[in-house]
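Subject: Structure for your review

Dear colleague,

Please find the sequence and structure below. My notes on what was found follow directly after.

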Amino acid sequence: MTVAYGKQTDGGVALGSLDLLDPQRKFEMIGITAKAIEGMGEAELETWSSLPHASFDLVIMNPPFTRPTGHEAKKIGVPNPMFAAFGSSDEEQRLMGQATKRLTNGTSAHGNAGEASIFLVLADRKLKPNGILALVMPVSLMSGDAWEKSRALLAHEYRDLTLVSIAGVDGADLSFSADTDIGECLVVGRKNSKGSERAVFVILNERPKLPMLGVTAARQISQLIVQKRLRCLEDGPMGGTPIHFGDDTIGQVVDAPLPASGGWNLARIADVALAQAAYQIAHEHRLWLPTMNKSAAVQIPITTVGAIGETGPYHMDVNANTATGDIRGPFDIALRKPNSTPTYPVLWSHDAEGERTMMFEADSEGLPRKGVTPKDQAFVDEKDRETLENSIALSF
């Protein structure tokens, strides 16, 4: 059985392979420089010849998370941080960046997701059918917009998916790696073109502090999956299946459906019961909260904001002038005075702290402008009427 693995090094990334069926356990390390260490010494090898596609039974990687985007480059003063290892010149970094775009064109790799999304593509290419994938990934893989195609790749091409994240209880680290402060998740799956409609989500309270604790957790997770003893997201607010170490509960496991699109929102959920209650509201239109019997659950009508309201006009159509100085928007915007009841209430500036409730008041008000000409005034009056009919003016 042939295993491929990747790891971060001081200078960049190293790739390697190990034949587990070889009695001498022949070891081959292949670096970015395309040099291989063999029994007779160092030799130059072409990586695509020594690492053929669909040739590995197991791929394990903890890839770097560097992004090639401009703000990342400015932080460390190099054109392309992804290719800055081993003293690469600016021109070499530019050429390797161009090659990366060509090689990843049409794949799930995404620049904003970073280098880790490219390594996912690489791992998928190297795996045999029915091979095992085991990756350390940024936790944004599970919910980030830039990772949408990566999630689709996993859902469509892998079975027995298990994703592990850390809830960060009491401020605990969110990463599995000791040398990063980026939130991480573990992804394990078996390559199979039948894909997956469901996955197992594991949420640990904190990063395992000892190897024994991690091994114990992994063994429990495997046994729960094999014995089909996992609670499901659809079960109602019962919580996940707990994982124990001695008398302590160190995490929970839940089996859940994978959405056709969008995030896999069971990352870092400290209390699975809340996720199960949210599922009941969103999918069953039923209010079933923790401690409630199923018979006491209440059916409630659910819809989207877009179905019952409309977004207000573009901000330039509210309070701006045209390029020639004519009135474009009929209002001047002023802060709403305390305890006042404005004629034209306006939600103008997003305030997350104040808008985390189902109901909140406008933060500003629209003051109708005075038209200079009768035509201007007629325009302002018409816009005033339209806004009043819509009840509220919104700006984003």
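Does proline 368 count as buried, partly exposed or exposed? With a relative accessibility of 43%, proline 368 counts as partly exposed, where buried means under 20% relative accessible area, exposed over 50% and partly exposed in between (1.4 Å probe, protein chains only). Proline 368 belongs to strand E17, residues 364-368. Not counting residues up to four places away in sequence, proline 368 touches Pro330, Phe331, Tyr344 and Asp384, contact being heavy atoms within 4.5 Å.

Two remarks on the basis of these notes are needed. This is a predicted model, in which local features need pLDDT of at least 70 and side-chain atom pairs count only at pLDDT 80 or more, while totals for chains, interfaces and linings use all residues. Residues are numbered from 1 along each chain as its sequence is written, and side-chain values use heavy atoms, with hydrogens and water left out.

The chain as a whole

The protein chain has ten helices and 18 strands; these are DSSP runs numbered from the N terminus (helices H or I, at least four residues; strands E, at least two). Of its 396 residues, 40% are buried. Among contacts between residues at least 6 apart in sequence, 60% join residues at least 24 apart.

Helix H3 (residues 90-104) has 15 residues and reaches 21 Å from its first C-alpha to its last, close to the 21 Å expected at 1.5 Å a residue; the expected span is 1.5 Å times one less than the number of residues. Gln93, Gly97, Thr100 and Thr104 are the buried residues of H3. They lie on the same side of the helix because they cover an arc of only 60° around the axis, the arc being that of the directions from the helix axis to the C-beta atoms. Helix H4 (115-126) is included in what covers them. The face of H3 turned away from the buried side carries the exposed residues Arg102 and Leu103. Just after H3, glycine 106 takes a positive phi of about 80°.

In helix H5 (residues 148-157), the buried residues include Ser150, Arg151, Leu153, Leu154 and Ala155. Their cover includes H4, E7, E8 and E9.

The second largest pocket

This pocket has a volume of about 920 Å³. It is lined by 41 residues, of which Asp160, Leu161, Thr162, Val188 and Ile225 lie nearest its centre. A pocket here is an open set of points on a 1 Å grid over the protein atoms alone, where a 1.4 Å probe fits, with protein on both sides within 12 Å along at least five of seven lines; lining residues have an atom within 4 Å of a point. The volume is the space filled by probe spheres set on the points, which are joined across faces, edges and corners. Helix H6 gives the largest share of the lining, nine residues. By class, the lining has 26 nonpolar, seven polar and eight charged residues (Ala, Val, Leu, Ile, Met, Phe, Trp, Tyr, Cys and Pro count as nonpolar, Asp, Glu, Lys and Arg as charged, and the others, Gly among them, as polar).

Asparagine 192

Asparagine 192 lies in the loop between E9 and E10 and, at 22% relative accessibility, counts as partly exposed. Leaving aside neighbours within four places in sequence, asparagine 192 is in contact with His156, Glu157, Tyr158 and Arg159.

Yours sincerely
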